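I opened this notebook to keep a record of what I looked up around the ligand and along the chain. The entries follow the order in which I went through the questions.

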Amino acid sequence: MNKLAFPILAVLADGKFHSGEALAQQFGVTRATVYNAIQAAQTLGITVFSVRGRGYRLPKPVTLLDADAISQACGEYAPWFHLQVLAQVDSTNRYLMQESARGVAHGTCAVAQIQTAGRGRRGRTWISQLGGSLTFSLLWRFQCGAAGLSGLSLVIGLALLRALHEIGLADVQLKWPNDLVVMYQGQWHKLGGILIELQGDMEGPSAAVIGIGLNLEIEQSMRQQIEQPVLGLNQLFGQSLNANELLGRCLASLALHLNQFAEHGFTYFQETWTRHHAFHQQAVNLLMANGQVVPGQVIGVAEEGSLLVETAHGRQRFNAGEISVRSAA
Ligand code: BTN
C-alpha cells in the first residue's frame, strides 16, 4: 500500500474532517500526494468521504490497535506475548507462518489494522474492514508433533467463547469445528472464525499459527460478499467494543486454554465443549467436499475432536476439513 495511506488513516481515525491542506502540511507533502494516498486506501475497500471545502473523513471514528493498550488488557498474561501491531498485511497467518519458519518466539501475536487477503477455512477468503474486524494470529510452539494436536482448533473456539462470555456476550455458542455463532432474529449468524496452520514434524516439536477473525461491524457491502449470515459483535453488544480490550481478553483466555491443552489434550475440554455446541443433538445437513448433502443428527464430539453424527448409514465420525455443517431446523 501507499506508504502514507495508513499514517493518514490514523489521523482520520477520529472521524472528523481533516482538510487536504492540513494533512499535506502535517506530513510535509503536497495535496496531490495526500489525494493519491487516500485513493490507495480506497482501492483497499476503505471508505473515505471527501467533501469539497471541508476535506476528508472516515464514516465513523475507529479505535486503532495499540500494543500498550492490548498488553494492559492481557493482565497477568501480558508477559506471555510478543505483540506485533501491523499497519497493513495481506494475511496475518501467512505473515506469521513465514516469521515462525524464521524462528520468532513462542507467543508472538501479529495483529493487523488492515488485512487485505485474509485466509479462511477450506480455501475461502476472509473479508475484513478497517475498524470493522479484529484479525490476528498467534504462534504457539508445542513439544509434541502435529499428530498430538487434534482438537486444538476446538479448544481455541472455547477460549474465545469464554472471553466473549466474560464481557457479557452470554449468548455466543460454538459451531463445530470452531465457528463462533449466535442465534439472532431466528437464524444462526457467524461472529468469528479460526484457521490453524501447522508447521513441524508429526513426531515433534511443532508450531501452530492460530489465526482468528472476529467481526465487529458488518457493513451492508461486506454482508453481500459473504455466503452465510454474519453479525458483528458490536451489533450484538449494543455498543462499540474496544478492540484493544477485546484482543487482550482473548489472548489471556487463549494462554490459559493453550496451557491446559498442552498438558491434558482435548479430552479435558470435551464435555464443556459439547455443552456450548449450538448444534448438539440437533438435525443438521452435512455439506461434503464433493457437493453431496448428508442429513443427520449430531450426537457429540469424539475424544480427538471429530464430529459424531447419526446418519442413514449409522453413527459416523467426521474430521474438520471434510465437511461443513448447516442447521436443518
Ligand atoms: C474461517 O474460515 O472461519 C476462518 C477464518 C480465519 C480468519 C483469520 S483473520 C486473521 C487470520 N489471518 C488470516 O489470513 N486468516 C485468519
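I take helices (H or I, at least four residues) and strands (E, at least two) as DSSP runs, numbered from the N terminus. The model is predicted, so that local features need pLDDT of at least 70 and side-chain atom pairs count only at pLDDT 80 or more, while totals for chains, interfaces and linings use all residues. Residues are numbered from 1 along each chain as its sequence is written, and side-chain values use heavy atoms, with hydrogens and water left out.

**Entry 1: the shell around the ligand**

Which element gives the most to the shell around the ligand? I found that β10 does, with four residues. I count a residue as near a molecule if one of its heavy atoms lies within 4 Å of it, and 20 residues surround the ligand, the closest being S91, T92, R119, R121 and K190. By class, the shell divides into five nonpolar, 11 polar and four charged residues, where Ala, Val, Leu, Ile, Met, Phe, Trp, Tyr, Cys and Pro count as nonpolar, Asp, Glu, Lys and Arg as charged, and the others, Gly among them, as polar.

**Entry 2: polar contacts and cover**

For polar contacts I use pairs of N or O atoms within 3.5 Å; within protein, one atom must be able to donate a hydrogen and the other to accept it, and residues adjacent in sequence count only if both atoms are side-chain atoms. I noted that a polar side-chain atom of K190 lies 2.6 Å from an oxygen atom of the ligand, that a backbone N or O atom of R119 is 2.7 Å from a ligand oxygen atom, and that a polar backbone atom of N93 is 3.4 Å from a nitrogen atom of the ligand. The ligand has 410 Å² of accessible area on its own, and the protein covers 98% of that area; accessible areas come from the Shrake-Rupley method with a 1.4 Å probe, and for residues only the protein chains shown count as cover.

**Entry 3: the pocket**

Where does the ligand sit? I find the ligand in the second largest pocket. A pocket here is an open set of points on a 1 Å grid over the protein atoms alone, with protein on both sides within 12 Å along at least five of seven lines, and a molecule sits in a pocket if more than half of its atoms lie within 2 Å of its grid points. The elements that give two or more residues to the shell around the ligand are α5 (92-101), β5 (118-119), β7 (133-142), β10 (187-200) and β11 (206-215).

**Entry 4: D179 and K190**

I then followed K190 to a partner within the protein, since the side chain of K190 makes a polar contact with the side chain of D179 at 3.2 Å. D179 is found in strand β9 (residues 179-184). Is D179 buried or exposed? I read D179 as buried, because its relative accessible area is 5%, where buried means under 20%, exposed over 50% and partly exposed in between (1.4 Å probe, protein chains only).

**Entry 5: backbone geometry in the loops**

I listed two cis peptide bonds, one from W176 to P177 with omega near 0° and one from G204 to P205 with omega near -5°. P177 is found in the loop between β8 (173-175) and β9, whereas P205 lies in the loop between β10 and β11.

I also noted positive phi values at residues that are not glycine: R122 has a phi of about 55°, and Q185 has a phi of about 50°. R122 lies in the loop between β5 and β6 (125-126) and counts as partly exposed because its relative accessibility is 33%. Q185 lies in the loop between β9 and β10 and is exposed, with a relative accessible area of 72%.

**Entry 6: distances along and across the chain**

M202 lies in the loop between β10 and β11 and counts as exposed at 52% relative accessibility. How far apart in space are M202 and A146? I recorded 4.9 Å, C-alpha to C-alpha, for a pair that is 56 residues apart in sequence.

L164, in helix α6 (residues 152-166), is buried with a relative accessible area of 1%.

Methods
1 Å grid on protein atoms, 1.4 Å probe; cavity = no way out; pocket = protein on both sides within 12 Å on 5 of 7 lines; lining within 4 Å.
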